[in-house]
Amino acid sequence: MAIVKLKINGKAYESDVDPEMPLLWYLREEIELVGTKYGCGIAQCGACTVHMNGTAVRSCVLPVSSADGAEITTIEGLSEKGDHPLQKAWDELDVPQCGYCQAGQIMTAASLLKDNPKPSLEDIELAMGNNICRCGTYHRIREAVKLAAEKMN
Amino acid sequence: MAHSRRNFLKAFSTVSGGLIIGFDWAANKAFASEVIKTEAAALNFNAFLSIASDGIVSITSPNPEIGQGIKTAFPVIVAEELDVDWANVKVLQADLSPAFDRQLTGGSGAIKHSWERLRKAGATARQMLIEAAANKWQVEARTCETSKGWVSHSSGKKLSYGELAEAASKLAPPTEVTLKPVDSFKLIGGFIKGVDNPSVLTGKPLYGIDLKKEGMYLAQLIRPTAFGMKLKSFDASEAEKMPGITQVVAVGNRVAVLGKSTWQIMQARKKINIEWEKDGNLESSSDHDKLFKEYLDDTSKAQLQRKDGDVEKAFKEAAKIVEAEYQCPFLPHSPMEPMNFYADVRADSVVLAGPTQTPGRARASVSKLTGIPEDKITVELTKMGGGFGRRLDDGYAIEAAEISKATGKPVKLIWTREDDMTGGYYRPAVRYRFKAALDKAGNITGYYSKGVGINTGNPMRQDNFPAGAIENLLIESYDHKSTITTGPWRAPITNFLAYAEQSFLDEVAKTAGKDPIKMRLELIDKVVKNPVGKITYEPERFRVVMQTAADKAGWGKKKGVYQGFSVYFSHNSYVAQIAEMEKKKGQPVLTKVYAVTDCGIVINQSGAQNQIYGAITDGLSHAMYGKLTFKNGEPLEKNYDTYRVIKMPEVPQVEAHFIDNGIDPTGLGEPALPPLGGAVANAIAATTGKRLYSQPFNMADDKVESYL
Ligand code: FES
Ligand code: FES
């Protein structure tokens with residue numbers, strides 16, 4: 001066990017936990033932010049994507065100790081009122097089917113738009129190309145990222 | 001989050017004074033409606049529509065939502081007939097309750113069953129509101145109109161539904177109601193967003209895996225490493241000492257690990273020494289390959305499914321015979337949210353909660369397991385992170401109850417992804433043989449098919465097209481009993497049979513020297529004029545989707561575009577698809593899929609399109625990559641690193657069209673999946689000349705991967 005200090009969605013946390021525990025389980029079970037999802041646990045699906053210091057990371061393989069001192073943003077902290085341009089675009093185009101993968105999709109897209117506010121179709125496919133949506137919402141995700149980019153510019 | 005039954009009834013009483021209609025939402029029995037004044041009366045009905053004095057309309061949805069959009073589509077139908085502003089409609093998820101007769105989701109059947117009942121429920125309430133207004137104004141009801149939650153009179157008087165709700169609730173419900181003419185729908189057929197979007201997009205706890213209850217323990221189960229093995233003994237002494245681990249117990253054939261954190265349980269699992277022993281056949285995919293061929297050749301291993309005319313004679317007299325075999329592997333469902341369930345088995349009651357398509361079945365099974373009567377068992381329904389048929393099973397709910405019973409603790413069982421992929425209930429592996437006899441003019445005079453499956457039941461759909469169009473036809477099957485467990489998978493059977501049949505018909509057309517669509521249309525003509533035997537489909541609706549697809553895609557008219565056609569009828573809907581490939585720098589690329597669907601009236605354009613995109617993506621993913629391989633009973637693909645699922649850069653464009661024919665709506669969760677494999681295989685054959693006889697395509701031909 002070790003003391004780990006994290007800043008999650010602007011709030012400071014200090015916990016005595018197994019330093020090897022992946023950030024995903026810390027978020028879901030220690031501090032009960034369950035918007036970040038478990039899909040595979042081996043960095044293959046993207047359901048667990050969060051931001052660490054502004055960059056998209058897969059929290060299922062990130063030991064919580066590696067996030068010590070970092071700023072973490074989860075879907076719950078992406079915007080205060082659920083009105084991030086991506087969240088709005090996702091709703092406007094009615095992207096979700098079961099919805100389970102969508103937090104990971106949105107967090108991946110948010111990181112893309114931060115680095116590249118005017119992504120081309122190829123940029124979008126490259127950035128989003130490793131997030132699995134088992135329901136097959138890819139067509140609308142592609143459009144929603146484009147729409148959000150337009151909204152932001 | 002689902003409302004508990006108590007909350008549900010509380011919600012009910014806060015609108016007392018408003019108008020509440022109980023109606024039969026999903027069952028087959030006749031429609032019933034009346035104004036409900038007491039909670040006891042409310043329990044006799046199947047769903048609720050209530051109008052509060054502020055005009056907010058609440059609709060309780062009893063059916064589980066798995067991503068197919070039912071929680072949005074059903075209330076839309078009610079709201080249409082009620083004539084209310086959609087923005088003022090609130091949708092609530094019900095738990096399993098004796099108030100509802102048939103709380104299940106599956107088989108793309110819900111809309112078909114409920115269409116008229118939902119409309120009548122809305123129309124009944126609307127009529128009562130009109131009557132209340134007419135009474136107040138001392139005018140005739142027929143001189144009043146409604147619009148967006150208001151009743152108005154030609155004199156200019158207006159009252160809102162909220163203002164009228166109390167008076168309306170005191171009226172006797174009409175015995176007869178007039179439904180809106182289909183062509184006057186305002187809400188139905190529009191682009192309506194999912195009612196859960198706001199919660200989904202902000203990460204609210206919704207799913208079973210998110211559920212947390214007071215005093216709850218987490219649990220995982222270690223199952224036998226292979227089908228055909230069982231538990232012999234285990235040693236958990238090291239694991240039990242690990243931090244966060246509460247208990248390790250044998251539960252039937254499995255070992256349960258209880259603790260306070262998922263991560264700690266995952267670690268402890270690795271430290272438990274388990275000995276398994278053989279309990280049945282340990283089968284490998286290579287054994288199945290051999291069995292398939294043996295059974296296809298063995299005439300004694302055949303169960304007759306359909307026989308028309310004299311097939312033997314037809315083949316004897318044939319000018320040409322076309323023959324082909326197609327094989328498909330086992331598939332896991334792999335919904336993004338792995339299986340999980342909460343159970344608290346107490347001395348004389350049980351609390352269950354979690355993602356299930358069949359809550360009633362879970363309750364019945366847990367009642368059997370515990371000996372606790374069903375009325376002492378509650379089931380809370382959570383949203384589901386996908387299902388694809390997987391959550392029709394009650395196995396994981398029973399497991400949760402078994403662990404709770406064995407440990408005396410409230411537990412939430414969570415399967416890891418590996419547990420999920422290796423846990424059984426698979427789409428069965430099947431191999432089909434097809435044979436067609438052609439006369440000199442290229443007409444099909446005889447048709448034979450036999451399917452051999454592993455725990456498949458009947459892998460044929462013997463009364464579906466092309467049955468009915470062919471004079472001499474013989475369809476048979478054989479089922480091999482295996483230790484590997486199987487279950488329904490999105491569009492059961494047809495998810496693979498359609499590919500095999502539609503690929504075969506393409507080959508027949510080629511041999512006959514006919515255009516594949518024209519040949520199918522000729523067959524449809526025959527069915528219309530002179531159907532042979534029993535058929536399950538309407539030939540005219542088949543014709544329309546085929547012709548429309550040909551028109552929309554410009555069949556045979558595009559330069560440099562190679563097209564593959566496929567059409568299928570399932571779950572009462574008709575879908576024709578045309579896949580298009582182009583050569584880019586000499587390299588074939590799958591660019592587009594056209595889908596023309598006749599599911600009758602489209603309730604929600606957005607939801608309907610989502611189902612088409614989703615089914616095509618799902619169909620392509622599994623036709624291309626999906627394969628679960630067995631070695632001595634052990635599934636080799638255990639997670640998404642080896643079990644490949646399609647990703648965004650690989651999906652072609654999709655153009656979804658719907659036939660606007662005003663016919664009562666039918667299913668949409670499944671029907672667009674079956675035709676996809678055939679359309680793509682036929683497009684690949686058109687582009688490269690190579691036919692693909694087994695799925696996944698990328699293993700039948702490694703070049704295929706580069707086509708996406
Ligand atoms: S759960 Fe982290 S990538 Fe799948
Ligand atoms: S919406 Fe269901 S997995 Fe993406």
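Chain B is divided into domain 1 (3-201), domain 2 (208-279 + 339-414) and domain 3 (302-330 + 426-707), with bounds taken from an automatic or database domain assignment. The structure is a predicted model, in which local features need pLDDT of at least 70 and side-chain atom pairs count only at pLDDT 80 or more, while totals for chains, interfaces and linings use all residues. Residues are numbered from 1 along each chain as its sequence is written, chains are lettered from A in the order in which they are written, and side-chain values use heavy atoms, with hydrogens and water left out.

The centres of domain 2 and domain 3 of chain B, taken over C-alpha atoms, are separated by 39 Å. Eight residues of domain 2 of chain B and 13 residues of domain 3 of chain B take part in the contact (heavy atoms within 4.5 Å). These two domains bury about 700 Å² between them, 65% of it on carbon and sulfur atoms; buried area is the accessible area (1.4 Å probe) that two parts lose on being put together, summed over both. Zero salt bridges are found across this interface, a salt bridge being a side-chain nitrogen of Lys or Arg within 4 Å of a carboxyl oxygen of Asp or Glu.

Between chain A and chain B, about 4600 Å² is buried, 60% of it on carbon and sulfur atoms. Chain A contributes 50 residues to the contact and chain B 60 residues. Five salt bridges are counted between the two chains. In a salt bridge between the chains, the side chains of R28(A) and D210(B) meet at 3.0 Å, N to O. Helix 1 (23-30), helix 2 (85-92), helix 3 (102-115), helix 4 (121-128) and helix 5 (138-152) of chain A each supply at least two residues of the side of chain A that touches chain B. Helix 5 of chain A gives the most to that side, with five residues. Helices (H or I, at least four residues) and strands (E, at least two) are DSSP runs, numbered from the N terminus.

Helix 1 of chain A is largely enclosed by the rest of the structure, because seven of its eight residues are buried (under 20% relative accessible area, 1.4 Å probe, protein chains only). The buried residues of this helix include W25(A), Y26(A) and R28(A). Their cover includes strand 1 (2-8) and strand 2 (11-17) of chain A, together with strand 8 (217-222) and helix 8 (262-270) of chain B. Just after helix 1 of chain A, E32(A) takes a positive phi of about 55°.

Definitions and conventions: Buried < 20%, exposed > 50% of the residue type's maximum accessible area, 1.4 Å probe, protein only.
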